[in-house]
Amino acid sequence: MDHAAVVRAYYSALDEHDYSALSDLLAPTFVHDRPDRTLDGREAFVSFMRDERPNKQTSHELDEVYENGDRSELVVRGRLLDADDERLFDFVDVHRFEDGVVGTLRTYARKE
């Protein structure tokens, strides 16, 4: 699977609550660095998304997926929507890959 497909599958797994598929897309040493916290390790991240995130009834609307020249990094610009399709915030995610899966993810978010 190419990196753009991995990234699209990542958001789909989150939105569909498919935590097994989500886990398969992440390196064991995966780290998610976001404005409110850092989640260190694939299992910690999947557990947070499955059991602890404040709002699970969300979807990701992707506007752009940007690849760098060596394809080791993808940048995604989009919006997180609630169950009523209202925008919660805009985001930019920087996905860095290790052996075909996401190794690190840095999220930048902005509310209006």
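How many helices and strands are there in the chain? The chain has three helices and six strands. This is a predicted model, in which local features need pLDDT of at least 70 and side-chain atom pairs count only at pLDDT 80 or more, while totals for chains, interfaces and linings use all residues. Residues are numbered from 1 along each chain as its sequence is written, and side-chain values use heavy atoms, with hydrogens and water left out.

**Figure 1. Overall view of the chain.**
Along the sequence, the elements follow the pattern α-α-β-β-α-β-β-β-β. Helices (H or I, at least four residues) and strands (E, at least two) are DSSP runs, numbered from the N terminus. The C-alpha trace spans about 35 × 30 × 25 Å along its principal axes. The radius of gyration is 13 Å, which agrees with the value near 13 Å that a compact globule of 112 residues would have; this radius is taken over C-alpha atoms, and the globule rule is 2.2 Å times the number of residues to the power 0.38. Of the 112 residues, 38% are buried. Buried means under 20% relative accessible area, exposed over 50%, and partly exposed in between (1.4 Å probe, protein chains only). The accessible surface of the chain is about 6,300 Å², and carbon and sulfur atoms hold 44% of this area. Accessible areas come from the Shrake-Rupley method with a 1.4 Å probe, and for residues only the protein chains shown count as cover. Among contacts with a separation of 6 or more, 39% are between residues 24 or more positions apart, where contact means heavy atoms within 4.5 Å.

**Figure 2. The largest nonpolar core.**
A nonpolar core is a set of buried Ala, Val, Leu, Ile, Met, Phe, Trp, Tyr and Cys residues joined through side-chain atoms within 4.5 Å. The largest one has 23 residues, of which Tyr 10, Leu 22, Leu 26, Phe 45 and Met 49 touch the most other members. At least two residues of this core come from each of H1, helix H2 (19-24), strand E1 (26-34), H3, strand E4 (73-81), strand E5 (87-98) and strand E6 (101-110). H1 gives the most, with seven residues. In soluble globular proteins, nonpolar side chains tend to be buried together.

**Figure 3. Aromatic pairs around Tyr 10.**
The structure holds four aromatic pairs. Rings of Phe, Tyr and Trp (its six-membered ring) pair if their centres lie within 6.5 Å; planes under 30 degrees apart count as stacked, over 60 as edge-to-face and the rest as tilted. Tyr 10 and Phe 45 form a stacked pair, because their ring centres are 6.3 Å apart and their planes lie at 20°. This pair links distant parts of the chain, with Tyr 10 in helix H1 (residues 3-16) and Phe 45 in helix H3 (residues 42-52), 35 residues apart. Both Tyr 10 and Phe 45 are buried. Ring pairs join Tyr 10, Tyr 11, Phe 30, Phe 45 and Phe 91 into a cluster. Leaving out residues up to four places away in sequence, Tyr 10 touches Leu 22, Leu 25, Leu 26, Phe 45, His 95 and Leu 105.

Phe 48 is placed in helix H3 and is buried, with a relative accessible area of 4%. Residues up to four places away in sequence aside, Phe 48 touches Arg 34, Arg 37, Leu 39, Arg 53 and Pro 54. Ser 23, in helix H2, counts as buried at 14% relative accessibility. With the sequence neighbours up to four places away not counted, Ser 23 touches Arg 42, Glu 43 and Val 46.

His 17 is not a glycine, although its phi is positive, at about 60°. His 17 lies in the loop between H1 and H2 and is partly exposed, with a relative accessible area of 30%. Asp 99, also a residue other than glycine, has a positive phi near 50°. Asp 99 is in the loop between E5 and E6 and is exposed, with a relative accessible area of 82%.

Thr 104 is in strand E6 and counts as partly exposed at 27% relative accessibility. Residues up to four places away in sequence not counted, Thr 104 touches Phe 30, Val 31, Val 94, His 95 and Arg 96. The charged end of Arg 106 sits over the ring of Tyr 108, 4.6 Å from the ring centre. A charge sits over a ring if NZ of Lys or CZ of Arg is within 6 Å of the ring centre and within 35 degrees of the ring normal.
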